[in-house]
Amino acid sequence: SMAARCTAVMEKPNKLEFESIKLVSIFLNKKRYAAIEILESKLKRTFAESLKVGALNIKGLEGKRRDNAPIGGETQMKMLDIVLREQNVPKAFEYVKGVLSNLLRGKIEVSKLIITKGLSKTAEEYKKGGTKQQHVELAKRIEERCDVTGETPYQTGDRVPFIMVAGTKNSMACELAEDPVYAQKNGIPINTH
């Protein structure tokens, strides 16, 4: 194997081990890529067969981050699968266009639009930081209104789920984060843009 051949010419104690074969890839920059890969060291299939059964592996892209709305990750993963596995950019473009159309027409489940971010600091530490973040500002609003709404305030270490709601053109992003259940109960329109 290539790993064994490289190890043979390297200084000891270096040793390369087989990890995977990347059949097709898109590299955006260091530690950010998507690839269709197989984990077997010896190919027993043709390239086309391997491409069909290979795993889509994504590193460092939004599709794998848990602090983005599921619609973004799911859309990115499907689009990359079409581009890499089927090698069909026009089909991937049409797929993304269809998702955006459904989003703008309100045909996407609210659960797909929920973003979650963790409260990693105390309120005082966030205040010292100076920048206003959506989940932090929402946590403050929930704490202020919890006696009236019955919501449970968030604590340091909790993940805060939120959606972005419609506002005015002068609204700051940190003001537009809202609890998904609260928004639906109170008929607050979602900012699909």
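Select Y33: at 13% relative accessibility it counts as buried (under 20% relative accessible area is buried, over 50% exposed, in between partly exposed; 1.4 Å probe, protein chains only). This is a predicted model, in which local features need pLDDT of at least 70 and side-chain atom pairs count only at pLDDT 80 or more, while totals for chains, interfaces and linings use all residues. Residues are numbered from 1 along each chain as its sequence is written, and side-chain values use heavy atoms, with hydrogens and water left out.

F27 and Y33 form a tilted aromatic pair, 5.2 Å centre to centre with 35° between the planes. Rings of Phe, Tyr and Trp (its six-membered ring) pair if their centres lie within 6.5 Å; planes under 30 degrees apart are stacked, over 60 edge-to-face, the rest tilted.

Next, show strands β4, β5 and β6, an open antiparallel sheet in that order. Strands (E, at least two residues) and helices (H or I, at least four) are DSSP runs numbered from the N terminus; two strands pair if DSSP finds at least two bridges between them. β4 (115-118) and β6 (177-178) are the edges, each with a single partner strand, so one side of each lacks a neighbour in the sheet. β5 (residues 159-164) pairs with β6 over two bridges; select I163 to find E178 of β6 opposite.

Finish with R145, which lies over the face of Y182, 3.6 Å from the ring centre. The rule requires NZ of Lys or CZ of Arg within 6 Å of the ring centre and within 35 degrees of the ring normal.
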